[in-house]
Amino acid sequence: MKLSPDRKEIIRYLGYRGVAPDESILKEIELGVAQLQEAVTPRFVYEQFPIRRSRGQNSEEQLCFAGMTIVSRDLSRNLRDCHAVYLMAATLGPGPDTLIRRASIGKVSHAVILQAAAAAMTETWCDQVNDRIRRETEKDGLFIRPRYSPGYGDLSLTVQTDISRILNMPKEIGVSLTDTLLMTPSKSVTALIGVAKTPADCHKSGCAACSAASTCPYRA
C-alpha cells in the first residue's frame, strides 16, 4: 500500500509560515516520503458500541460505552445526538520509528523531515480508515461525526488505556502503551467516532474538534 501524505501538511509540520521551502527541501521531502512508503506496515482495528448517557453527582453528563464511563464536555459535544460510537486505532507500524532513529544519527535535518512526513502520513492513513467506517455506516443510512482522540480538549489521555484493552491493540495491530500513555510505535492513533441518525459536517481534521486548536502552533 502506497500512502501519499498531503505535502502541504508536511510543510506545515516543518514550521513554514508564509514562506515556501526551497527546492532542496522539497526534494528531501519527496525522498523522505518514498522511504516511508517502503517502511510502513499500516494496520487498523475498530469496533462499534452503543452509548448510554447518565448524570453524575455534579449533574455532569456521563458517557457510558464499552464498559467505560467518561466525563468530558468536549467529547459530549462531539457526540451530541449520537447513539453509538466507534473506538478506532491505527498505526503505520515500527518502520517510521526505525527510519527516524537512524536518520537522527547520520543527518538530523533529514530526521526532522521524516518526522513531519510520518506525521502527515499517519493522518492520511487515519483518514482512509475513517472513510471505511463512514462507508459502513452509510449502508445503514447513518452518519458519523469527526474523530476525536484522547488528549484533545478535556478528554484525558488515560482513556487510551481502556481503548487499548478493549480493542486488544497489542495483539490486533502491534501497538502498546508506555508508562506515560504514549503509543509505541509512535506513529499510531486512537480515536472515537460518533454514529448518529442525522448528518453533520464530518469532513474536518481532528484539529477541528480540539479546544486547543486556536493556540496550537501546528494548526494552519
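**A walk through the predicted chain**

The chain holds 7 helices and 9 strands, where helices (H or I, at least four residues) and strands (E, at least two) are DSSP runs numbered from the N terminus. Its radius of gyration is 18 Å, close to the 17 Å that the globule rule gives for 220 residues, so the chain is as compact as a globular protein of that length; the radius is taken over C-alpha atoms, and the rule is 2.2 Å times the number of residues to the power 0.38. This is a predicted model, in which local features need pLDDT of at least 70 and side-chain atom pairs count only at pLDDT 80 or more, while totals for chains, interfaces and linings use all residues. Residues are numbered from 1 along each chain as its sequence is written, and side-chain values use heavy atoms, with hydrogens and water left out.

Along its principal axes, the C-alpha trace spans about 55 × 40 × 35 Å. Buried residues make up 44% of the 220 residues, where buried means under 20% relative accessible area, exposed over 50% and partly exposed in between (1.4 Å probe, protein chains only). Of the contacts with a separation of 6 or more, 73% come from residues 24 or more positions apart, a contact being heavy atoms within 4.5 Å.

Helix 2 covers residues 23-39, and at 1.5 Å a residue its 17 residues should span 24 Å, which agrees with the 24 Å between its end C-alpha atoms; the expected span is 1.5 Å times one less than the number of residues. Glu28, Ile29, Gly32, Val33, Leu36 and Gln37 are the buried residues of this helix, and they pack against helix 1 (7-13), helix 4 (95-106) and helix 5 (108-139).

Helix 5 also contains Thr122, a residue that is buried, with a relative accessible area of 7%. Leaving aside neighbours within four places in sequence, Thr122 is in contact with Leu92, Lys187 and Val189.

Leu167 belongs to helix 6 (residues 159-167) and counts as buried at 4% relative accessibility. Not counting residues up to four places away in sequence, Leu167 touches Val45, Tyr46, Glu47, Leu87, Met88, Ala89 and Glu172. The C-alpha atoms of Leu167 and Leu26, which are 141 residues apart along the chain, are separated by 38 Å.
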